[in-house]
Amino acid sequence: MMRTASRWILGLAAAITAAQAQTDQTASSVEPVRTYTLLGEDEDWSFLKDPSLRQDLWDPLKYIPLGPDGWYLSIGGGAREVLEQVGNDNWGKQPYTNTFDLERYVLHTDWHFGKYFRTYVELKSDWESFRKGGPRPIDEKKLDFEEAFVEVGAEEGDNWVAVLAGRQQLNYGSGRLVSIREGPNVRQSFDGARLKSRIGGWRIDGWAVRPDLDKLGFFDNVPDHGTAFWGVYATRPWRRRVSFDSYYLGLDRKSFTYNRGTAQETRHTLGARLWRPVATKESDWDFDYEGVWQFGSFGADGIRAWTFASDTGYTFPSVPLKPRISVKADISSGDDPRSHSLGTFSPLFPIGNYFGVIADTGPGAVNFIDLHPRLQTSLPKGVSISTDVVVQWRESLTDGVYAVPGFLLVPAGDSRARFVGYRPGVEVRWQIDRHAWLQADYGVFFAGDFLKQASPGRNINYTEFWAGYKF
């Protein structure tokens with residue numbers, strides 16, 4: 001019923017705005033930058049207070065005046081449909097082909113009451129159909145709040161401070177440790193408080209939150225009272241398009257399971273990142289280098305873990321197909337259960353598609369060494385193609401293989417094989433316009449010696465078709 005209602009809401013909104021656009025849409029000699037961001041809360045449509053700038057079907061909903069200057073409402077949202085097929089999931093522990101449908105609907109309202117006060121509310125409705133074994137926690141959430149927070153403060157100028165309280169999403173840096181989990185059907189939300197600020201050239205955020213537990217029903221999500229998450233993240237531009245990030249993250253979990261066992265975990269993370277964005281005008285290098293050290297306690301033992309991640313590429317924007325050639329090389333520590341310190345690195349709350357294709361099947365960024373070459377090309381009419389291969393080994397031979405968010409998939413057992421396997425893949429995306437897109441992914445994970453010794457060791461076949469729309 002809620003799925004049908006979501007479709008009716010989107011259809012009704014489209015009909016209303018189509019009628020309004022016939023009278024409100026006028027020609028303008030200046031076309032502002034109109035961008036749909038990963039987080040709807042980051043969008044700024046205040047320029048549409050000038051009716052002459054309304055060029056799009058949805059513009060009448062993006063700026064609805066509420067009275068005094070600076071008082072307005074912005075409405076947005078979108079839909080995403082995914083057809084996913086996985087053969088031999090978890091390398092044959094589910095020895096069949098699982099074909100299922102995933103649907104995501106979001107609708108947000110952004111209320112601005114003058115310069116210093118704002119309320120943002122986003123609803124989410126995520127559905128799964130036909131999956132053998134039923135929906136996983138990342139697959140279905142019938143209806144609930146994705147975000148619902150109040151913000152006090154003004155985000156403008158060289159120095160400012162704003163405070164947010166309520167349910168919200170966190171997304172920082174490369175997304176390797178703090179992300180909204182965009183790949184899977186259900187995004188990750190947090191309940192708590194966050195402070196955002198800009199001090200000179202620095203952008204500094206701090207927060208204290210609990211992750212949101214997604215239950216399958218209607219408005220039944222609750223904070224995970226067994227987990228606390230806090231941190232500070234700072235970033236600033238440096239020179240020659242290079243930027244620098246540094247951060248501290250704290251995590252306390254009453255119970256978590258690694259290869260060595262289950263216990264209470266308190267983990268502290270210190271990290272630094274140096275990065276340069278992909279070139280868009282002239283041929284040039286880009287890179288993203290990140291190093292992390294973790295310490296704390298796991299039951300009666302300590303924690304000593306680390307990771308280093310790199311992504312180095314070169315783009316040719318002025319030649320046909322605008323190719324980008326890149327290589328990722330990453331390593332994260334694993335555990336030796338004979339020691340009194342847990343050595344397993346934890347990615348905390350990572351981006352869902354950490355290694356691209358086969359995003360939600362694993363292996364994840366735990367106890368691994370990988371080499372990941374990639375070729376990206378751009379065709380006319382908004383079509384892009386990415387081909388890559390990921391080759392993975394275990395960093396520690398006494399630790400297992402984990403899923404993307406850090407859950408143990410295959411224990412180490414008696415195997416001393418290092419090679420986990422390799423996965424060639426291809427992704428084709430068509431950005432039809434700034435609203436709509438289509439995408440197809442295909443990959444095969446060929447099991448290596450470790451998976452053949454410690455699990456059924458079958459190859460995973462993965463196919464996925466996506467369709468999305470934002471307004």
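A salt bridge is a side-chain nitrogen of Lys or Arg within 4 Å of a carboxyl oxygen of Asp or Glu. The structure on display is a predicted model, and by this rule the count comes to 38 salt bridges. The tour visits some of these pairs and then turns to the nonpolar cores.

**First stop: Asp144 and its partners**

Please select Lys141 and Asp144. These residues form a salt bridge, with the closest N and O atoms 3.4 Å apart. Both Lys141 and Asp144 are buried.

Arg167, like Asp144, is buried.

**Second stop: Lys196 and Glu155**

Next, select Lys196 and Glu155. The two form a salt bridge whose closest N and O atoms are 2.7 Å apart. Lys196 is found in strand S7 (residues 190-199), while Glu155 sits in the loop between S5 and S6; the pair therefore ties together parts that are 41 residues apart in sequence. Are these residues buried or exposed? Lys196 counts as buried because its relative accessibility is 4%, a value under the 20% cut-off. Glu155, at 39% relative accessibility, counts as partly exposed.

To view a network, select Lys141, Asp144, Arg167, Asp191, Asp212 and Asp220 together. Salt bridges that share partners join these six residues into one network.

In soluble globular proteins, nonpolar side chains tend to be buried together. In this model, the largest nonpolar core has 25 residues. Select Leu170, Leu177, Val178, Trp207, Phe229, Leu249 and Leu348 to display the residues with the most contacts inside this core.

Which elements give two or more residues to this core? They are strands S8 (202-213), S10 (227-237), S11 (243-258), S13 (284-298) and S14 (301-315). Strand S11 provides the largest share, with 5 residues.

Now centre the view on Leu348. Leaving aside neighbours within four places in sequence, Leu348 is in contact with Leu177, Phe229, Leu249, Leu251, Arg267, Thr269, Gln294 and Pro405.

Finally, select Trp91, Phe450, Leu451 and Ile460. These residues are included in a second, separate core of 14 residues.

Key
Residues numbered from 1 in each chain as written. Predicted model: local features only at pLDDT ≥ 70, side-chain atom pairs only at ≥ 80, totals over all residues. Heavy atoms only, no water. Buried < 20%, exposed > 50% of the residue type's maximum accessible area, 1.4 Å probe, protein only. Helix = DSSP H or I, 4+ residues; strand = E, 2+ residues; numbered from the N terminus. Core = buried A, V, L, I, M, F, W, Y, C linked by side-chain atoms within 4.5 Å. Contact = heavy atoms within 4.5 Å.
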